[in-house]
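Student: Could you take me through the way helix packing and a ligand site are read from a model?

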Amino acid sequence: MTTTASVPTSPPLRRHPMTRTLLGVGAVIMLAGLLFGYDQGVISGALDGIKRDFHVSTFVLEIITSWVTLGAMGGALVAGVLADRLGRRVTIVLASILFTAGALIEALAPGSVILVIGRLVVGFGVGVASVAAPLYAAEMAPARLRGRFVSLYQLAITIGIFIAYLVDYILSHSSGWRAMLGVSAVPAILLVLAMIPLPDSPRWYVKAGRRDDATRALKRVDPTENATSSLDEIQAAVDDDASKEAGWGTVFTAEWRRPLVIGVCLAVLQQFTGINAIIYYANQIFAAAGFNSPDSQSLATLWAIGAVNVVATFVAVAWVDRFGRKPLLMIGCTGMGLSLAVVGAMFIRLDHVNASTSASHGPTGEGIVTLVALVVFIACFAFSLGPVVWTIINEIFPAHVRGKAVAVATAANWFAAWVVSQFFLTLVSLITSTGAFWLFAGFCVVTFVFVQKMVPETRGRTLEDIQSMWGDPDELAAAMIEHR
Ligand code: BGC
């Protein structure tokens with residue numbers, strides 16, 4: 001083994017400018033994930049105070065909770081066009097400004113209508129950032145770091161949810177829902193600050209015909225790389241894409257139907273197994289399980305949901321390439337379904353107790369079992385459906401339809417998240433908590449069967465292999481039965 005090759009790349013020479021730019025890109029992807037997660041998590045602690053101050057019905061409470069996802073669906077759909085026209089950098093800054101404005105509208109809202117408008121604006125910002133930031137990071141990161149940058153985004157979402165729960169807990173004493181929602185302006189402002197010194201991606205500069213800027217950006221990412229040859233490669237890839245660039249019609253042709261059905265169904269099923277009903281309404285669920293002080297509810301939510309989600313996501317990041325997608329999904333669905341079945345069973349008794357006593361009671365045996373089952377549910381989600389669904393969505397489409405097809409699947413995911421969070425409380429009043437949790441458990445069974453029958457194993461295959469597999473029945477059949 002020769003060591004001379006490593007001499008010019010010794011740390012003091014390489015590290016300086018490259019590390020600063022890449023740290024900046026890391027900060028951008030981290031802050032974008034934090035924004036996404038904070039927004040998913042924060043509402044669970046804010047609902048009580050909003051209900052008290054605005055005297056709103058359950059339905060309005062559901063709108064306040066869920067319309068952030070409708071805004072995000074719109075944002076995700078336009079983000080691709082914005083990122084192409086204005087550049088990734090300007091798009092991310094715009095999303096952060098929108099987000100900050102939305103957070104301030106929420107925090108200062110005099111009534112529920114303005115609050116809902118704030119939620120929509122915030123959601124739109126999150127939706128745009130949820131597409132533009134990973135795209136920017138993927139284009140900025142050298143190939144060897146790309147996977148790690150994408151995992152960083154997953155992890156940041158769960159850390160964002162955890163921080164939101166922590167803020168909810170700290171502010172739960174002072175009915176500080178306005179502060180809980182307003183605090184989300186902080187990561188948004190930090191995101192703008194992180195973005196200012198960074199260039200746009202070399203790929204976007206090339207697309208926009210700005211080769212000099214592209215060279216400068218390439219040098220800042222990795223000064224040891226030969227900028228001219230990298231630039232030629234990017235130019236060739238951009239030209240190739242442009243010649244093949246598919247219209248919306250191509251995305252829906254029979255040729256790509258199978259991956260589109262897989263992407264959209266996985267995106268929807270991920271939500272129909274109830275994850276965001278639990279993330280958003282955790283405090284209410286723990287209240288119904290007998291955790292009667294806001295303090296004990298927030299603590300249960302913080303640790304049982306928030307912390308477990310972060311830790312189990314670490315596990316997924318480590319194992320997803322070793323275990324394969326299908327086994328992780330199928331083991332995860334099994335654990336999720338069983339734990340939801342247990343939660344539903346516990347609520348037969350909990351609903352009965354809640355209906356017959358108005359006096360406060362501490363967490364009963366059933367309440368503790370519910371807490372443990374929810375821990376199992378979150379852990380199983382976080383190592384399976386949470387990250388793996390996004391991995392699959394990003395790898396099953398051929399390059400020329402990927403952008404549009406991923407946008408369709410992402411929008412379907414936000415739409416399904418909206419359906420669940422919009423109707424969860426209504427569902428509970430219609431079919432009881434037990435019915436709602438068993439329904440989610442039923443969707444875990446559907447997801448298990450869908451994965452087994454429809455989803456091929458993609459671990460260890462290159463994107464080109466996956467692309468050709470869709471047109472090759474033998475290859476597809478082999479990938480369907482591969483379990484290791
Ligand atoms: C889902 C989000 C969810 C998060 C929880 C993501 O994979 O798409 O809807 O809130 O996981 O960690």
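Student: What are the angle and the axis distance at which helix H9 and helix H10 pack?

Tutor: Two packed helices are described by the angle between their axes together with the distance between those axes. In this predicted model, helix H9 (residues 211–221) packs with helix H10 (residues 227–244) at an angle of about 120°, and their axes are 10 Å apart. H9 and H10 are therefore oblique to each other, and H9 passes H10 in a right-handed crossing.

Student: Which residues of H9 and H10 make the contact?

Tutor: On the H9 side the contact is made by Arg 211, Ala 214, Thr 215, Leu 218 and Lys 219, and on the H10 side by Ala 227, Ser 230, Leu 231, Asp 232, Ile 234 and Gln 235. Sorted by class, the contact of H9 with H10 has 5 nonpolar, 3 polar and 3 charged residues.

Student: At what angle do helix H2 and helix H4 pack, and how far apart are their axes?

Tutor: For helix H2 (residues 58–85) and helix H4 (residues 112–140), the packing angle is about 35° and the axes lie 6 Å apart. The crossing of H2 and H4 is right-handed, and their contact has 19 nonpolar, 7 polar and 1 charged residues.

Student: How should I read helix H16 and helix H17?

Tutor: Helix H16 (residues 365–383) and helix H17 (residues 385–395) pack at an angle of about 20°, with axes 3 Å apart; H16 and H17 are therefore roughly parallel to each other. Cys 380, Phe 381, Ala 382 and Phe 383 in H16 meet Leu 385, Gly 386, Pro 387 and Val 388 in H17, a contact whose residues divide into 7 nonpolar, 1 polar and no charged.

Student: Turning to the ligand, which residues surround the ligand?

Tutor: The ligand is surrounded by Gln 40, Thr 158, Ile 161, Gln 270, Gln 271, Asn 276, Ile 279, Asn 309, Phe 381, Gly 386, Trp 390 and Asn 413. Among them are Phe 381 and Gly 386, which also take part in the meeting of H16 with H17.

Student: How far does a polar side-chain atom of Asn 276 lie from an oxygen atom of the ligand?

Tutor: For Asn 276 that distance is 2.8 Å. A polar side-chain atom of Gln 271 lies 2.9 Å from an oxygen atom of the ligand, and for a polar side-chain atom of Trp 390 the distance to a ligand oxygen atom is 3.1 Å.

Note on methods:
Residues numbered from 1 in each chain as written. Predicted model: local features only at pLDDT ≥ 70, side-chain atom pairs only at ≥ 80, totals over all residues. Heavy atoms only, no water. Axes fitted to C-alpha atoms, helices over the stretch in contact; angles between N-to-C directions. Helix = DSSP H or I, 4+ residues; strand = E, 2+ residues; numbered from the N terminus. Parallel < 35°, antiparallel > 145°, perpendicular 65-115°, else oblique. Left-handed = near helix turned anticlockwise from the far one by under 90°. Contact = heavy atoms within 4.5 Å. Nonpolar A, V, L, I, M, F, W, Y, C, P; charged D, E, K, R; others polar. Near = heavy atom within 4 Å. Polar contact = N/O pair within 3.5 Å; in protein donor to acceptor, adjacent residues only side chain to side chain.
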